[in-house]
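Keep the 3D view open as you read.

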Amino acid sequence: MVDRPLKQRFVLDTSLFLTTEIRGPDQDVEAACRDLLELIAAAKQIHNISCYMPPSIKTELTQMLESRGVDEAVLMKLDTWVITKAPAHHEVMVPADHVYTFIDEMSDRVDRGLRVSEKAVRKAEESRAETVEEHDHMTEVDKVISELRDEYRETLRQGVLDSREDFDLLILAKELDAGVVTEDKGIINWAEDFGLRYLEGRNFPALLTEYLAADDPDRWRDER
């Protein structure tokens with residue numbers, strides 16, 4: 001083992017563990033999470049690379065993994081090697097400019113959402129009595145409502161902070177001067193605004209492997 005503590009810190013998002021991008025061929029979510037956590041454990045022991053999660057994200061991830069039937073041993077690895085830490089909400093300062101930007105963006109998205117709704121109402125009015133082919137139980141209005149939900153959700157939520165979990169992630173990363181690891185484009189956009197380092201989740205296993213392979217290339221590069 002090389003005595004070369006890097007003191008790298010990363011704050012991990014739920015999306016890192018659930019994305020199909022970190023899975024090998026025919027690998028399910030349980031196997032992918034186990035492999036990732038083994039990399040995290042090795043990186044901690046060899047290079048002192050620490051991974052964190054705010055409690056809100058830890059709870060969210062645990063519930064999602066349990067709902068997918070992930071083995072308790074994997075959840076124990078998560079508890080062992082990923083540090084749970086609440087962000088210092090009252091100590092970390094957020095520039096007022098970021099708040100103004102968020103307000104302006106949400107105002108614009110509400111206006112766009114309204115236009116989506118207006119378009120759906122007009123479409124429903126034109127086709128209220130018709131039924132959808134191959135779906136006798138679904139009227140055209142039902143179809144319009146379904147499409148409205150999808151489009152409205154995409155218009156208002158895609159690429160924006162839309163939960164306390166997202167905000168906790170960014171505040172904790174700022175507090176720790178840590179890199180953010182996520183597949184969420186909204187979090188990435190705000191990480192840039194906060195001046196935070198970030199990495200797409202799909203690239204995180206490769207990054208850890210490179211660190212580990214610097215000391216033992218025969219083992220770690222063969223296991224990639």
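This is a predicted model: local features need pLDDT of at least 70, side-chain atom pairs count only at pLDDT 80 or more; totals for chains, interfaces and linings use all residues.

**A helix with a buried side**

Take helix α9, residues 204-213: F204, P205, L208, T209, L212 and A213 are buried there. They sit on the same side of α9, because they span an arc of only 165° around the axis. Buried here means under 20% relative accessible area, exposed means over 50%, and partly exposed is in between (1.4 Å probe, protein chains only). The arc is taken from the directions that run from the helix axis to the C-beta atoms. Helices (H or I, at least four residues) and strands (E, at least two) are DSSP runs, numbered from the N terminus.

Residues are numbered from 1 along each chain as its sequence is written, and side-chain values use heavy atoms, with hydrogens and water left out.

Now back to F204. How many aromatic pairs does the structure hold? There are two. Rings of Phe, Tyr and Trp (its six-membered ring) pair if their centres lie within 6.5 Å; planes under 30 degrees apart are stacked, over 60 edge-to-face, and the rest tilted. F10 and F204 make an edge-to-face pair, because their ring centres are 5.2 Å apart and their planes are at 70°. F10 belongs to strand β1 (residues 9-12) and F204 to helix α9, so this pair ties together parts 194 residues apart in sequence. Both F10 and F204 are buried. W190 and F194 also pair edge-to-face, at 6.3 Å centre to centre and 70° between the planes. W190 is buried at 4% relative accessibility, and F194 is buried too, at 7%.

Next, look at D168 in helix α7 (residues 164-176). D168 has a relative accessible area of 10%, so it counts as buried. Setting aside neighbours within four places in sequence, D168 is in contact (heavy atoms within 4.5 Å) with P54, S56, P87 and H89.

Finally, two loops. D26, between α1 (14-18) and α2 (29-47), has a positive phi near 60° although it is not glycine. D26 is exposed, at 84% relative accessible area. N48, in the loop between α2 and β2 (50-53), likewise has a positive phi near 60°, but N48 is partly exposed, at 28%.
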